[in-house]
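Reader: I am new to protein structures. Can you take me through this one, one question at a time?
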There are 4 protein chains.
Amino acid sequence: MKAGIIGASGYSGELLVKLLLAHPRVELAAVTSRSQAGKPLAKVIPSLRGQDRGLKFVDSDAAALAASDIGLFFLALPHGAAAEYAKVLVPAGKRVIDLSADFRIADLATYERYYGKHHAPELLPHARFVLPELTPPEWKTDANVGLLAAPGCYPTSILVPLVPLLRDGVAAREHIVVNSSSGVSGAGKKIDEMYLYVERAESVKAYGLVKHRHLAEIEEQLALRATGGEPVVIQFNPHLAPMRRGIATTITVPAKNAFIDALYAAWEKAYAGRPFVQILPAGETPDTAHVTGTNRVDMSAVLDPRTGNFVITSALDNVVKGASGQAVQIMNLWFGFDETAGLI
Amino acid sequence: MKAGIIGASGYSGELLVKLLLAHPRVELAAVTSRSQAGKPLAKVIPSLRGQDRGLKFVDSDAAALAASDIGLFFLALPHGAAAEYAKVLVPAGKRVIDLSADFRIADLATYERYYGKHHAPELLPHARFVLPELTPPEWKTDANVGLLAAPGCYPTSILVPLVPLLRDGVAAREHIVVNSSSGVSGAGKKIDEMYLYVERAESVKAYGLVKHRHLAEIEEQLALRATGGEPVVIQFNPHLAPMRRGIATTITVPAKNAFIDALYAAWEKAYAGRPFVQILPAGETPDTAHVTGTNRVDMSAVLDPRTGNFVITSALDNVVKGASGQAVQIMNLWFGFDETAGLI
Amino acid sequence: MKAGIIGASGYSGELLVKLLLAHPRVELAAVTSRSQAGKPLAKVIPSLRGQDRGLKFVDSDAAALAASDIGLFFLALPHGAAAEYAKVLVPAGKRVIDLSADFRIADLATYERYYGKHHAPELLPHARFVLPELTPPEWKTDANVGLLAAPGCYPTSILVPLVPLLRDGVAAREHIVVNSSSGVSGAGKKIDEMYLYVERAESVKAYGLVKHRHLAEIEEQLALRATGGEPVVIQFNPHLAPMRRGIATTITVPAKNAFIDALYAAWEKAYAGRPFVQILPAGETPDTAHVTGTNRVDMSAVLDPRTGNFVITSALDNVVKGASGQAVQIMNLWFGFDETAGLI
Amino acid sequence: MKAGIIGASGYSGELLVKLLLAHPRVELAAVTSRSQAGKPLAKVIPSLRGQDRGLKFVDSDAAALAASDIGLFFLALPHGAAAEYAKVLVPAGKRVIDLSADFRIADLATYERYYGKHHAPELLPHARFVLPELTPPEWKTDANVGLLAAPGCYPTSILVPLVPLLRDGVAAREHIVVNSSSGVSGAGKKIDEMYLYVERAESVKAYGLVKHRHLAEIEEQLALRATGGEPVVIQFNPHLAPMRRGIATTITVPAKNAFIDALYAAWEKAYAGRPFVQILPAGETPDTAHVTGTNRVDMSAVLDPRTGNFVITSALDNVVKGASGQAVQIMNLWFGFDETAGLI
């Protein structure tokens with residue numbers, strides 16, 4: 001199967017290139033980048049030296065890509081730009097997996113409140129947000145679906161542990177407080193003083209308080225997947241930490257009963273046999289360093305008898321399970337490949 | 001004035017040596033360390049090369065120190081060991097500033113629930129926990145007081161922003177959630193696989209859930225200083241972050257009214273003119289890198305209109321304001337020196 | 001083919017477990033560790049969660065392993081300990097790939113000058129040092145060979161660029177100065193104050209001056225592969241740098257003629273078509289971050305017209321091409337697998 | 001005494017602000033920055049919160065500054081820009097200490113070969129390069145001198161250990177190879193992809209081969225101070241290391257005799273009693289982490305009996321002894337203050 005990547009000069013795009021080059025079922029047929037067009041992949045992504053199979057970045061426009069024999073496109077573009085490509089490719093019958101936020105939010109008004117005007121609202125009926133461990137599997141076979149939206153990094157780290165607990169009534173829907181720490185690559189490859197080595201080393205700080213854009217996606221999914229549509233409002237406090245990759249999320253949520261076993265039972269019911277969710281025993285906390293380079297979410301929980309809260313911790317690699325790895329996992333499922341093909 | 005440091009081979013002890021060597025009003029007359037006795041200070045603390053004034057570590061026992069002409073001792077020892085020295089030095093008329101937890105908790109039962117048996121409970125009536133910006137100033141002139149307990153690092157980062165808000169009724173006393181990230185020096189100089197460079201680099205993880213010892217001190221101080229004795233129970237989630245120094249704390253607390261101005265007014269009332277508390281405007285979050293090497297707490301807050309919570313962030317250097325710098329600040333006030341003498 | 005790993009609790013051993021678990025031609029049948037016996041692999045190597053195929057560490061002795069149906073053993077042990085296993089396994093007809101220094105040095109006297117008494121000198125005639133890009137290929141088919149010694153990390157970073165230049169007379173054999181910087185994992189998983197996060201972050205320092213053990217291997221190989229036996233003496237200055245993985249080596253060597261083209265020609269002749277050696281154009285210097293996780297050596301060179309020296313820089317991942325990846329590469333060649341099987 | 005800083009928004013400028021604010025003999029009267037004019041110092045340099053004494057950045061032009069009552073100006077500007085200010089201030093009778101390269105090179109042709117056209121060559125007769133531990137002290141009292149050039153970071157780390165050895169004939173003048181590793185702040189506050197956190201973490205790489213601009217200054221000073229004018233040509237290989245501050249330099253130089261004692265004797269003769277040079281015993285290598293925040297150079301050496309070379313290692317903080325601290329040290333000496341005033 002031939003696949004293309006549109007916009008591959010950021011951190012997620014780079015990893016996607018590597019994953020597809022090594023994938024047993026996919027032929028990476030085109031990689032586009034306006035700024036890097038004409039250069040060999042390995043010139044821009046030096047970690048690929050000797051492994052780029054002679055591929056070069058191209059500057060094909062959407063129409064040219066729509067006319068090609070490539071059947072699947074990944075969009076690794078900023079929101080807004082992604083929709084512009086999608087609205088050409090999807091009508092042309094191409095399948096599209098979008099790593100941006102453009103099609104993660106089903107509700108147009110919500111999208112526009114967080115992101116501004118939507119550039120292709122007409123595609124929303126054909127698009128699905130897919131977090132493979134949580135989204136009901138109908139999307140795999142729905143002929144009406146032409147575009148899948150891969151979830152954001154923070155949302156994945158929050159939704160995977162939280163949805164089963166709210167859905168099964170193990171935890172309360174109020175007073176949910178989420179604190180997350182992200183590695184610096186989470187901001188993308190932005191050339192800005194804030195992301196200089198000297199500024200970020202030895203620095204932890206909160207940012208984006210109190211209306212981070214990922215809230216749109218987190219709260220919509222909680223309502224859709226956990227509460228039968230009833231709104232859930234969470235406190236979300238993101239932080240930058242001095243590391244390249246990784247997200248560590250800590251969720252405080254009131255327990256609906258005083259048993260940690262009920263929490264673990266809900267998790268087991270939701271994720272038994274899922275290769276990319278690892279449930280750690282209470283007392284063993286996930287560590288971003290243990291998931292770097294993998295497509296896993298590691299998670300565990302304890303009950304605080306003093307406060308009556310569950311304290312839930314999760315860890316993932318923001319560039320893998322939080323972006324490109326999850327996009328490949330989605331592709332695997334969409335095309336009937338083994339879910340773990342090309343992933344670890 | 002002659003001062004001595006007992007137990008100076010850890011990170012707090014090292015910094016205390018430096019601060020006292022450079023202090024304009026103090027002569028550092030003795031530095032003890034059982035394991036390093038006989039060695040020049042700079043041999044053990046290489047950053048002091050050329051500046052240790054010929055001092056060597058000594059292995060004086062408590063009785064010998066009590067018989068010396070040194071009037072003030074700092075205890076930079078583990079809890080338990082500190083009490084053993086204190087119970088010799090205080091009765092001998094020496095003034096003592098203790099950096100351990102031994103005398104931070106006024107209530108003996110609380111101490112023993114978190115730390116085990118107390119080794120010198122008879123001294124508790126003569127000891128005071130002093131967080132200079134919060135503790136009422138009677139301790140400075142109370143002839144009955146012979147020992148001051150310097151606060152812990154996490155408690156300082158939490159109490160400074162939180163106490164005025166609870167005291168003035170600006171924030172609620174329930175549903176308080178505190179997440180903190182500490183640099184690795186916060187664990188002390190422990191030779192353990194967990195603290196190796198390779199294990200900690202690129203790693204953020206929660207630890208010590210859900211009953212970190214600092215809770216004893218935090219909750220007792222909240223009751224004493226903010227609620228007139230009424231118990232306050234908080235959720236406290238500490239994390240390790242890949243940096244050497246610094247604590248970043250994020251507090252979520254329900255607002256009692258919907259105005260951020262009330263919060264800032266409470267802070268201004270509490271801290272106007274205090275040199276080591278910096279109140280940042282809403283929207284400008286503190287950064288551990290900006291307080292490294294200083295004795296400051298930087299803090300700011302925003303109101304989340306969606307949740308009705310204040311989100312408060314603070315940052316300090318765990319070895320300075322969280323330990324040795326604060327101990328020097330306490331000394332300055334106790335002896336009538338300028339509060340900022342020898343500190344930045 | 002069944003393979004076993006003896007001693008897998010260090011950094012090289014951990015990576016070797018991962019590489020063999022994912023290898024298309026090998027079944028990892030046993031992993032031994034005295035200290036971890038009985039524990040699932042993923043309990044000790046958390047990055048393997050969900051991927052350890054139910055394997056546990058075992059504490060089999062050498063005799064039991066020799067009696068098993070496993071045909072190939074990797075020794076990931078300290079020198080000395082490796083020889084003790086080898087002297088049981090090799091006579092029993094097992095093939096052995098040793099990651100320690102025990103069989104890297106052909107000359108017994110040299111070995112003992114750097115490492116002390118050899119524990120299995122009788123095996124030396126059956127052992128070969130194999131740096132796949134440099135060692136003549138006879139070892140692959142020599143029925144007398146039962147043990148292959150994988151090269152050290154520093155030697156690989158030095159020998160790959162240097163051997164062709166001395167062999168072809170492009171560079172001088174005198175006044176060779178090598179400076180290398182290694183990530184902290186290069187020291188192994190040593191629980192020592194020197195390797196704590198707080199000590200190593202923000203620290204670069206030379207160490208092991210002036211007789212690092214790897215000199216034995218470097219100079220013997222230079223004599224064997226480059227100068228027809230004539231001794232070569234180099235200046236080798238290793239340093240520790242604040243990173244987890246990676247070696248950056250900079251070699252200064254007098255040019256025998258003033259043309260950089262001659263140097264590149266020698267490299268092309270030696271390495272054309274070799275998948276794991278990447279020759280960068282003059283002016284583009286290798287970067288440890290670009291080789292992390294790969295089995296590559298990246299290298300480039302410039303001629304300094306002011307000094308007449310070539311300045312050669314190379315980079316590799318000390319745990320991959322400097323240890324476990326190279327061991328797998330050697331296995332691939334020994335058993336007739338594709339050289340790159342299981343490697344990137 | 002009133003002092004001003006021209007151009008204080010870079011890393012050296014920031015530290016200079018802090019040092020002068022805390023200096024016992026100097027009043028910091030003006031801090032200029034075109035881009036930050038009008039902002040309080042602490043707004044731009046957050047680590048100064050509460051300590052900027054109400055000072056704001058100003059955008060005074062050179063003429064206005066020349067007409068002020070400020071007697072001493074520090075130039076913390078790029079080369080070229082510094083000369084433009086100097087040629088107004090020096091003729092107006094102001095004393096100037098320049099942290100740029102503009103007046104470090106006595107020989108105009110050499111300057112222009114490395115840096116391009118000089119903007120104020122007419123000032124060269126009134127300017128002196130001052131490395132306080134090496135430059136003969138006549139500059140302190142020479143009425144003709146109006147401008148002092150503070151040395152570069154790499155040159156300081158190289159010249160301090162090397163000059164006495166060449167001057168006293170302890171080491172050879174040929175085959176000198178210098179490798180240095182610098183923290184990322186050494187590049188200044190450049191907003192460039194190369195200096196992003198994600199690019200530099202876990203990365204060591206050589207750069208600037210083979211004609212780094214600091215060579216001009218290093219080789220001129222070696223000739224002037226060590227060899228009576230005879231040219232010395234060195235191999236200089238700079239590297240970037242993943243740390244914020246610090247330079248670690250390793251020098252290989254052939255010994256002129258086989259005694260390490262002669263080397264140490266030359267050092268003792270040159271530096272006995274100098275507060276900012278620390279000579280470590282052979283075998284104890286300097287560590288950048290031990291000099292961070294200090295104005296020291298730490299250095300040691302060993303003799304390699306196999307090669308006949310001395311291997312010399314030095315460490316300093318590139319922003320302190322390599323820039324602003326050394327500029328303050330020069331000021332102290334020029335104005336007759338204690339050499340260590342305001343420095344540690």
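Author: Start with a term. Buried area is the accessible area, found with a 1.4 Å probe, that two parts lose on being put together, summed over both. Keep in mind that this is a predicted model.

Reader: How much area do domain 1 and domain 2 of chain A bury between them?
Author: Domain 1 of chain A covers 2–151 + 322–334, and domain 2 covers 154–317. Of the area they bury, 56% is on carbon and sulfur atoms. The total is about 2,300 Å².

Reader: Which residues of domain 1 of chain A lose the most area to domain 2 of chain A?
Author: Three residues lead on that side. Together they make up 32% of what the side buries. They are Y114(A), E133(A) and L134(A).

Reader: Why do K189(A) and E14(A) count as a salt bridge?
Author: The rule asks for a side-chain nitrogen of Lys or Arg within 4 Å of a carboxyl oxygen of Asp or Glu. K189(A) brings the nitrogen and E14(A) the oxygen, so the pair qualifies. Their N to O distance is 3.0 Å.

Reader: How much area do chain B and chain A bury between them?
Author: The contact takes 44 residues from chain B and 44 residues from chain A. Carbon and sulfur atoms carry 53% of the buried area. The total is about 3,500 Å².

Reader: How many salt bridges cross the interface of chain B and chain A?
Author: One of them joins E219(B) to R306(A). Their closest N and O atoms are 2.3 Å apart, so the pair is within the 4 Å limit. Across the interface, the count is four.

Conventions
Residues numbered from 1 in each chain as written. Chains lettered and ligands numbered in written order. Predicted model: local features only at pLDDT ≥ 70, side-chain atom pairs only at ≥ 80, totals over all residues. Heavy atoms only, no water. Contact = heavy atoms within 4.5 Å. Domains from an automatic or database assignment.
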